[in-house]
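The following paragraphs lead the reader through a predicted model.

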Amino acid sequence: LVVLDGEAKEADYYGGKTSIAYVKKSSKPYESVMIGVVSTNPSGEVLGEAAYSLLTNPKPIALLGRTPLKVSIENGSIQVGDPLESSSIPGVAMKATKAGPVVGKALESYNGGETGKIMAFVNVSYYLPEEIFQTEIAGNEQGSSFNPIELLVSDFAKFFKEGLAKL
């Protein structure tokens, strides 16, 4: 599990210019700059592979898709479909239990030792637990359905009512 390490830098690349981004292992829970997972066995095309000669320790990074991922039971056992976030163990993910950035979802369960490896689907995004949808965002009672269109329309109306009135 890797996070961005500073800003991308410009480099010469086959007579043109390109940018090179640097990454490092994640080191704390819910890191906001997660970018992907070091791929140990990439299949198909590796974009930017020709730029490896410009780097001191190049690694292919899985930005989206299936890949093995180191995991921890720091937040409890992991079930198929659980959202995964960075843990306090460098480079290792754990089950997400609260709202925050996630690296993807578990494609396998894990309840082994302190750390292990599972197949995961990488899709860096933001996890919002269902109970937050129902109570804090939608303001719905238990059992009511959440309608994102109604929420969007009401927020849009609120913006015009309160936002434009100040202009």
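A residue is termed buried when its relative accessible area is under 20%, exposed when it is over 50%, and partly exposed in between. Lysine 95, with a relative accessible area of 23%, is therefore partly exposed. Its salt-bridge partner is aspartate 82, and the closest N and O atoms are 3.9 Å apart. Aspartate 82 occupies the loop between S7 and strand S8 (83-86), whereas lysine 95 belongs to strand S9 (residues 93-95), so the pair ties together parts that are 13 residues apart in sequence. Aspartate 82 has a relative accessible area of 14% and is therefore buried.

The model contains three salt bridges by the rule applied. One of them joins aspartate 5 to lysine 24, with the closest N and O atoms 4.0 Å apart. This pair links distant parts of the chain, 19 residues apart: aspartate 5 lies in the loop between strand S1 (2-4) and strand S2 (9-13), and lysine 24 in strand S4. Aspartate 5 is partly exposed at 37%, and lysine 24 is partly exposed at 42%. Lysine 17 also forms a salt bridge, with glutamate 10; lysine 17 is exposed at 55%, as is glutamate 10 at 63%.

Beyond its neighbours within four places in sequence, leucine 69 contacts residues including Val37, Leu84, Val103 and Ile118.

Technical notes. Residues are numbered from 1 along each chain as its sequence is written. This is a predicted model: local features need pLDDT of at least 70, side-chain atom pairs count only at pLDDT 80 or more; totals for chains, interfaces and linings use all residues. Side-chain values use heavy atoms; hydrogens and water are left out. Contact means heavy atoms within 4.5 Å. A salt bridge is a side-chain nitrogen of Lys or Arg within 4 Å of a carboxyl oxygen of Asp or Glu. Helices (H or I, at least four residues) and strands (E, at least two) are DSSP runs, numbered from the N terminus. Buried means under 20% relative accessible area, exposed over 50%, partly exposed in between (1.4 Å probe, protein chains only).
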